[in-house]
Amino acid sequence: MSETCKVAVERRGDVALLWTDGYINNQGGEEIAREAYAQIGNGARGLVMNLEKTKIVNSIGISILIEVLEKVMDRKGVLAFCNLTPTIDKTFRIMGLAQYASIYANEEEALKAVSVQLASP
Amino acid sequence: MFEDGGREISLTIPIAPDMELVATAQAAAVGEYIGMSRDKIDEIKLALVEACINAFEHAHARDDRVHVAFRVGKETVGGEWLEIEVRDQGQGFDAATVEAPSAEKTFGGRRKRGWGLKIIKSLMDHVEIASGEWGTRIVMRKYK
């Protein structure tokens, strides 16, 4: 039954694009955080998380994403999410993530918005 | 799936990593059986995950198990519903003393957790919680 969350990463300038695949629970959240922190350590200022292949999350996994968001905000960076299921979108809004990170319908919109935000003074 | 007079399915899951997904698979099957929409089934699954992991983490259940029951029914006014009962034989808790989470306390603060009940109540249409020395029972219902 174990559904390990896999994370794929691609770097596009100073933006790192992370694709998740699977259940974002504590292990999934930690895997995402590990990849995100590695990218931040390597100079990424913007992170885009594409959750298209994640259909279920839990509050423990989301709390780890919040820690990632705080780290990005501390460094004056930008974090955006895209391709959320309606339920995950709703849960992110319940937990207040949408107040601090942007949510976009698709990857193209997210990448464009993050690039614009990073370019503005 | 449900026989007349016995519209309930019971499931007992061990307290072990990812066992909440066994319960969500059953919830999805029951939701599909009554023709519930995919989005509503997903909301039920997420609420059920939260109820299960609350029991896994906090209950300290004497039998190391969480008991889940799925029921369907129909009301004249509200229509068809799916109800899930999550029960543990743990130490119980006082719902009145549970601090309500908020984005303000979560962001920049040290308290990131404690969102389970808020999520459950937000995603389901009706939630009842009973708890005592005998354990905890959460009954949550969603209308089709």
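Trainee: Which residues of helix H4 (residues 116-123) of chain B are buried?
Mentor: B:Gly116, B:Leu117, B:Ile119, B:Ile120 and B:Leu123. Buried means under 20% relative accessible area (1.4 Å probe, protein chains only). Helices are DSSP runs of H or I, at least four residues; strands are E runs of at least two.

Trainee: What puts them on the same side of H4(B)?
Mentor: They cover an arc of only 160 degrees around the axis, so they share one side of H4(B). The arc is that of the directions from the helix axis to the C-beta atoms.

Mentor: A word on the basis. This is a predicted model, where local features need pLDDT of at least 70, side-chain atom pairs count only at pLDDT 80 or more, and totals for chains, interfaces and linings use all residues. Residues are numbered from 1 along each chain as written, chains are lettered from A, and side-chain values use heavy atoms, without hydrogens and water.

Trainee: Why is B:Glu85 called buried?
Mentor: Its relative accessible area is 13%. That is under the 20% limit, so B:Glu85 counts as buried. B:Glu85 belongs to strand E3 (residues 79-88) of chain B.

Trainee: What makes B:Glu85 and B:Arg71 a polar contact?
Mentor: Their side chains come to 2.6 Å. The definition asks for N or O atoms within 3.5 Å, one able to donate a hydrogen and the other to accept it; residues adjacent in sequence count only if both atoms are side-chain atoms.

Trainee: What makes B:Glu43 and A:Lys90 a salt bridge?
Mentor: The N to O distance is 3.2 Å. A side-chain nitrogen of Lys or Arg within 4 Å of a carboxyl oxygen of Asp or Glu qualifies. The count between chain B and chain A is 1 salt bridge.

Methods
Buried means under 20% relative accessible area, exposed over 50%, partly exposed in between (1.4 Å probe, protein chains only).
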